[in-house]
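Subject: Structure handover

Hello,

Here is the structure I said I would pass on. Please open it next to this email and follow along.

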Amino acid sequence: MENHLLSIVTFLPIFGAVVIALVPKEKLDIIRWGAAAITGIQLILAIWILKVFDFSSPDVQLVEHYAWIPDFNIEFFMGIDGLSAPMVLLTSLLSFLAVFTSWNIEKAQKGYFALFLLLDAGMMGVFVSLDFFLFYIFWEVMLLPMYFLIGIWGGPQREYAAIKFFLYTLFGSVLLLLGMLALYFISEPHTFNMLILAEQSAQFGQSLLLGMNAGKVIFILLFVGFAIKVPIFPFHTWLPLAHVEAPTAISVILAGVLLKMGTYGFLRISFPVLKDATLWFALPLAILGLINIIYGAMAALAQRDLKKMVAYSSVSHMGFVLLGMAALTPAGMNGAVFQMFNHGTISAMLFMLVGVVYDRAHHRDIEGFGGIAKVVPIYAGVTALAFFAGLGLPGFSGFISEALCFIGAFPVFTWITIFATLGIVLNAAYFLWAYQRIFMGELNSKYEKMEDINNRELFALIPLAIITFFLGVYPTPMLNLMSSTLNHLVEAVKTAGMVAGL
Amino acid sequence: MADFIFWMIWALVVASAALVAFGNNLIHSVFALMGTFLGVAGIYIFLNADFLAVTQIVVYVGGILVLLVFGIMLTNQISTAQISQSSVQKGLGLLVVLGVLTIILTSVLPHDWVGSITPMAFSETVEGIGRLLFTDYLILFEIASVLLLGALIGAATLARKEL
Amino acid sequence: MIKLALFILFLPLLSFVLQIFFGRRFEDKKGEWVSVGIQFITLIMSLAMLAMMLSKNDPNFSIEVHQSWLDLGLFKIDLGIYIDNITIIMLNVVAIISALVHLYSTAYMAGDVRYSRYFGFLGIFTFSMNGIVLANSLFMIYIFWELVGLSSYLLIGHWWEKDSAADAGKKAFITNRIGDIGMFTGMLIIATVLGTFNFQLIAERIHDGVWAANAGMLFGGIDPHTLLTIAGILVFMGAVGKSAQFPLHVWLPDAMEGPTPVSALIHAATMVAAGVYLTVRLFPFLTADAMATIAFIGGFTAIYAATIAITQNDIKKVLAYSTVSQLGYMIMALGTGAYVAGFFHLVTHAMFKGALFLASGSVIHAMHHSLHKLKDHDTDPQDMRNMGGLRTKMPITFGVFMVTTAAISGIPLFSGFLSKDAILAGTWAYAANVNEGWLANLHMAWILPVFGFGAAAITAFYMFRLIFMTFYGEAKKPQVFKHIQESPKVMTVPLMVLAILSMFFVFTLPSVNPISDHGWFTHVVQAPESAVTTGPAFELEHFEHSLHEAHVPAMITSILVAGLGILLAVLVYLLNKISAEKLATKLGALYRGSFNKWYMDEFYINGIIRPFLKGCDALGRFDLEFYDHYLINGWGRNTKRTSKAVGLADDLIVDGAVNFSGIIFQWLGWTLKFIQTGKIQNYLIFVLIGAALLFVVNVF
Amino acid sequence: MDHLSSYLVLSAILFSLGLYTVVTRRNAVAILMGVELILNAANINFVAFSKFVTHNLDGHLISVFIIMLAAAEAAVALAIVLNLYNDRGHINVDEANALKQ
């Protein structure tokens with residue numbers, strides 16, 4: 001069974017989706033608990049994967065490698081290394097918890113959970129695929145359920161949001177496809193195998209495409225495709241809208257996992273395969289990271305809709321990831337991936353909390369509350385914890401990853417990093433300001449009878465809080481998991497740069 | 001003699017099929033269709049396809065044709081002795097179909113088919129078909145059985161009064 | 001000793017955890033005494049450490065342990081504990097004030113809505129403060145630095161139902177974060193150049209020339225000495241935020257919205273002193289220029305805050321500005337190289353300012369109860385204009401106030417005199433002898449003693465103004481006055497303890513000379529050697545020599561200016577020889593400026609925060625309305641338009657062709673009309689036609 | 001009879017007639033009949049090629065499957081026709097144009 005863990009963990013949700021599709025739609029309990037059980041098993045398997053995973057090796061492990069469409073040299077190739085292992089854990093964890101956040105979906109629950117599981121499978125597939133073609137298929141598989149989940153179960157503007165999301169990502173996908181095919185046809189023999197592509201890295205730097213350096217052209221193509229998912233500054237406008245309209249659990253998945261796919265794509269494909277182009281593009285990437293940090297934080301400061309604020313804070317936080325990885329130093333790279341994981345847990349918490357208050361008040365206007373800490377003390381406490389985690393307070397994992405990104409980026413991009421530290425203040429400003437307006441001051445008489453957070457909601461939040469806190473105090477396990485792979489990656493890109501004389 | 005019988009059957013097939021296509025009475029058409037099916041069975045015999053010939057008769061004449069008759073009977077008043085039927089877009093249809101026929105004939109006939117000079121005379125096909133069915137075509141066979149089951153269930157579900 | 005330190009560090013955290021998770025259930029069952037007990041245990045442990053230190057009596061004593069915390073193979077961060085004499089003294093300051101404040105709070109906060117949580121927060125504060133004190137590296141200091149910011153935020157906002165309290169908490173946190181940016185950037189520079197955050201290693205490596213060798217990798221080959229100056233000033237920015245130095249001082253007066261014991265603990269004695277403590281830790285790496293900057297900021301803050309304190313009417317506000325001013329003294333002392341004096345003042349100030357705040361809390365407590373009995377909710381219990389004559393009603397509080405005011409004003413026999421005098425002597429010596437750093441030019445360094453002595457005079461004036469307004473004269477509100485009572489024992493005992501600790505002999509034993517600071521303190525605390533080798537560093541030996549010479553004139557001047565301040569206060573507020581109102585109108589703009597804190601808040605709000613928020617708003621709107629709706633959706637709209645145009649052109653061409661050519665196209669058009677028949681048979685025909693056409697095209 | 005083309009011509013004619021039936025008839029059952037004709041035409045081709053060109057039994061197999069398919073199709077189609085009749089009272093295909101909307 002250990003040899004097939006990755007397939008099982010990926011295809012289990014599809015199996016679950018089929019099973020749920022067969023359950024009569026009136027049997028709500030079976031549907032919900034079924035989804036919970038499937039994702040729960042997936043989580044256990046993910047933990048098992050970490051147990052068998054050899055932390056000290058930078059190589060891919062738990063490999064499953066079969067020929068799939070031999071005529072085109074397309075392979076069924078799965079495996080994980082220190083880069084994907086945290087993401088696998090994150091995906092299964094958030095999927096499991098998001099099921100509980102979806103408990104009070106009000107219509108067509110069957111379809112919802114079936115699509116949700118399909119989405120889960122797609123995400124998991126993206127993180128374990130080592131064949132670009134397979135990766136692309138999962139990438140697209142994930143897109144469709146997302147469209148329906150936003151478009152059917154979302155808020156008032158759901159259709160607009162869903163279409164916008166869909167078109168944006170589809171646009172990205174097309175470029176991704178082009179980049180992928182370009183890689184395929186330049187490689188010799190033609191292959192989609194990421195590891196082999198990475199070995200042929202030098203070839204892409206030397207070939208020409210459309211009369212330009214192939215590596216650079218492909219890098220840009222892939223960059224746009226991935227940047228839309230992150231989202232990086234000029235491609236970010238789908239995010240606030242999609243977040244605001246999506247149901248809570250989907251926001252959680254969107255922020256927690258989907259955004260990571262963009263940066264994951266960079267580290268999995270662009271960086272190792274297009275090493276020369278990576279070095280060439282590192283500075284623009286860092287600048288975009290800076291813009292993300294400041295722009296996102298400033299936009300967050302301007303929002304009155306709590307969910308939108310949290311959405312823009314995601315933009316800001318993902319900027320740290322970009323900055324860290326652009327630096328191509330061990331500290332920066334580890335910080336970036338660690339930040340990906342931390343942002344997953346923290347933003348998931350934030351979105352869950354927004355969902356909690358929305359369920360009770362049916363609006364998210366920050367100005368529309370006031371003093372509710374009095375009636376909902378536990379909720380106020382948990383929110384305070386999540387907000388402080390979000391603004392990067394030491395003791396929470398976000399601080400370490402942000403600090404590592406800064407430490408890693410500083411020697412390389414000194415001025416950019418200095419400006420980026422402004423983000424620390426802005427983050428604190430919008431979180432605290434929002435907290436004050438919602439929870440502090442005189443109690444708004446409308447909410448005198450507001451119910452405090454219930455046990456089911458707490459059940460979804462507490463594991464995340466514990467992880468955030470634990471990794472904030474003792475980050476070593478997570479860093480050990482990824483550092484050997486990432487250090488190796490940094491080394492490889494740097495060496496390629498030296499060979500190319502950059 | 002065999003030649004004569006062959007061409008008779010040939011003509012029977014064509015004629016009855018034409019009646020199916022052009023006839024005005026639906027009942028007549030059905031019976032003409034029976035003629036076509038039987039004729040095709042005969043053609044199979046000339047092609048040394050004994051198993052198919054039998055299957056053709058059993059399934060088509062015994063099964064499908066009966067179903068069609070039921071279909072007609074259930075959808076028309078039984079008292080109507082002559083069930084007339086009308087057609088649409090006859091001219092255009094004829095034109096197009098003739099065109100298609102021309103295309104088929106012009107592309108098929110001039111072609112020099114490999115091996116067509118020395119036809120193979122199968123003596124006995126049942127064993128061979130059986131063997132193939134359970135070796136090379138096993139998956140297809142299984143899928144077919146599932147398909148039939150599906151059709152069975154589907155037809156039963158659809159035919160129920162309260163859908 | 002390390003074990004003891006670990007206990008001291010983590011016991012308050014235990015108190016926090018217990019209070020947060022279980023406190024609510026034990027609120028009526030004396031649950032708070034668990035925290036108080038824990039705090040006193042830490043106090044005993046700290047005192048044990050102090051005893052050990054005194055028995056060793058070794059100025060160079062230090063131990064360090066560290067543990068790998070974060071290891072990326074090529075990059076690692078260690079956390080650890082570093083203990084030397086300064087650490088131990090600081091631990092004792094924190095433990096003493098914290099324990100007394102815990103005790104005091106049991107009465108002061110009795111019946112509060114979030115009573116148990118309050119003690120929990122005190123616990124986490126004490127934990128983080130001890131963390132700062134014990135930290136062996138900049139990184140660890142930074143961690144706890146943020147955590148004290150957090151606990152400060154939580155405690156200032158303890159009564160968050162009041163908007164002003166919520167605002168103040170937020171303001172404190174954000175203002176501190178601005179300073180922290182600088183500190184963090186400074187840390188980044190140091191870590192990049194030296195590859196470590198550890199204080200000892202930093203000093204060692206700078207001394208060994210690693211800095212000079214590596215600094216060029218940043219900012220395109222910057223001069224190592226300049227970079228070291230920049231790094232020092234940047235890290236010092238953290239101290240500017242935390243210790244409320246100009247221009248980031250604005251949060252501290254607002255922080256008085258928190259409960260008064262909190263003000264005593266966090267915003268007078270310990271947390272705000274963390275900035276000074278950080279500067280103490282930085283001392284060996286500061287270049288002469290960095291030190292000049294630090295001295296100037298400190299000196300300016302000292303006099304600037306003092307001028308504001310004169311006109312405030314809120315008893316806590318006066319003390320708050322006085323704190324800012326005194327912190328300025330400490331910073332200035334460190335900047336001028338008077339290392340021992342700066343740290344000395346930190347310790348003495350913690351004692352007397354803690355006492356002052358707790359005593360003012362006692363007054364407020366009494367006022368509050370009295371007003372409560374009268375059901376008067378409009379009168380401000382903190383406004384000195386509502387007090388007067390309280391000395392008869394509250395003798396203990398009054399006594400403590402007198403002792404500590406004498407201490408802060410720099411009157412001999414009290415601790416403040418010794419430390420302040422040492423600082424003033426330091427500035428004098430600095431001004432007279434300095435020849436490195438930018439203040440050395442054109443005798444600019446003389447501005448520091450001017451700041452120092454000026455602030456000393458003003459301090460004496462406003463402190464006695466406070467005493468006279470509160471405890472002397474007629475009771476302004478006789479009704480209220482009638483119900484005033486002395487506070488309970490749990491409140492007055494801590495006051496008295498702190499008052500005793502404000503006496504000079506506490507710090508000079510075994511010597512008992514009231515005008516000389518020679519004693520155990522000056523023996524165990526000695527300025528470290530500067531590690532700066534890249535360029536002009538501070539010349540400690542030379543300085544200490546001139547310090548000795550400046551000592552006597554500085555002392556005399558200091559007593560004189562303090563006496564002057566007191567005299568003026570007596571004339572104005574005790575004997576009413578000079579009318580305060582007349583003086584105010586005469587001074588006009590100056591008075592208004594001082595009363596309105598020189599309009600710093602207004603400047604920040606109108607000059608920076610509002611425009612910035614407006615900018616954010618504009619950006620948010622730009623993002624949504626222009627960028628997204630106009631540009632991105634415009635793309636969509638344009639695509640739609642283009643397709644429509646293409647469709648139209650198509651129609652025209654097809655139509656034209658129909659009219660133009662003969663029957664075949666007409667027939668085609670006619671068939672096309674039926675394309676949308678919905679009839680399966682028609683579609684089939686079309687398919688066939690299409691297939692046939694394809695065939696024809698293919699073959700011919 | 002020993003020549004491939006005679007079968008092919010027959011098959012082509014049968015196919016065309018079937019096609020014509022499908023395209024022109026209004027009655028759904030009649031259309032079904034046309035489909036059967038087409039399938040038969042295909043079968044003849046398969047078997048004929050089996051004998052004259054490939055010289056093996058694969059064509060026969062395909063024919064068997066086609067016959068099976070035809071049976072299934074007839075059953076389902078008839079059920080649909082019955083429903084159509086229940087719904088509208090007639091089974092005229094040219095009036096069943098709900099797709100037009």
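How far apart do the C-alpha centres of domain 1 of chain B and domain 2 of chain B lie? They lie 22 Å apart. Before going on, please note that this is a predicted model.

Domains of chain B

According to the domain assignment of chain B, domain 1 covers 1-78 and domain 2 covers 121-163. Where the two touch, four residues of domain 1 of chain B are in contact with five residues of domain 2 of chain B. On the domain 1 side of that contact there are two nonpolar residues, one polar residue and one charged residue.

Chains B and D

Four pairs of chains touch, and the pair with the most contacts is B and D. In this pair, 71 residues of chain B are in contact with 57 residues of chain D. On the chain B side, the elements that each give two or more residues are α1 (2-22), α2 (26-46), α3 (50-75), α4 (90-108), α5 (126-134) and α6 (138-159) of chain B. Which of these gives the most to the side of chain B that touches chain D? α3(B) does, with 13 residues. By class, the side of chain B that touches chain D has 51 nonpolar, 18 polar and two charged residues.

Chain D itself has three helices and zero strands. Read from the N terminus on, its elements run α-α-α. Chain D has 101 residues, of which 58% count as buried. If you take the contacts in chain D between residues at least 6 apart in sequence, 46% of them join residues at least 24 apart.

Pairs without contact

Chain A has no contact with chain B, and the closest C-alpha atoms of these two chains lie 16 Å apart. No contact joins chain A and chain D either, and there the closest C-alpha atoms lie 23 Å apart.

Helix packing in chain C

Two helix pairs in chain C are worth a look, and both involve helix α12 (residues 271-282) of chain C.

In one pair, α12(C) packs with helix α14 (residues 315-336) of chain C, at an angle of about 5° and with the axes 10 Å apart. Because an angle under 35 degrees counts as roughly parallel, α12(C) is roughly parallel to α14(C). The α12(C) residues that make the contact are C:Val272, C:Val276, C:Thr279 and C:Val280. From α14(C) come C:Thr323, C:Leu327, C:Met330, C:Ile331 and C:Leu334. These residues divide into seven nonpolar, two polar and no charged.

In the other pair, the axes of α12(C) and helix α15 (residues 339-373) of chain C come within 10 Å and cross at roughly 160°. Are these two helices roughly parallel or roughly antiparallel to each other? The cut-off for roughly antiparallel is an angle over 145 degrees, and α12(C) and α15(C) are therefore roughly antiparallel. The crossing of α12(C) past α15(C) is left-handed. Here C:Ala273, C:Val276 and C:Val280 of α12(C) meet C:Gly342, C:Phe343, C:Leu346 and C:Ala350 of α15(C). By class, six of these residues are nonpolar, one is polar and none is charged.

Regards

Methods. Residues are numbered from 1 along each chain as its sequence is written. Chains are lettered from A and ligands numbered from 1 in the order in which they are written. This is a predicted model: local features need pLDDT of at least 70, side-chain atom pairs count only at pLDDT 80 or more; totals for chains, interfaces and linings use all residues. Axes are lines fitted to C-alpha atoms, for helices over the stretch in contact, and angles run from 0 to 180 degrees between N-to-C directions. Helices (H or I, at least four residues) and strands (E, at least two) are DSSP runs, numbered from the N terminus. Angles under 35 degrees count as roughly parallel, over 145 as roughly antiparallel, 65 to 115 as roughly perpendicular and the rest as oblique. Two residues are in contact if their C-beta atoms, placed from the backbone, lie within 7 Å. Ala, Val, Leu, Ile, Met, Phe, Trp, Tyr, Cys and Pro count as nonpolar, Asp, Glu, Lys and Arg as charged, and the others, Gly among them, as polar. A crossing is left-handed if the near helix is turned anticlockwise from the far one by less than a right angle, and right-handed if clockwise. Domain bounds come from an automatic or database domain assignment. A residue is buried if 20 or more other C-beta atoms lie within 10 Å of its own, exposed if 12 or fewer, and partly exposed in between; C-beta atoms are placed from the backbone.
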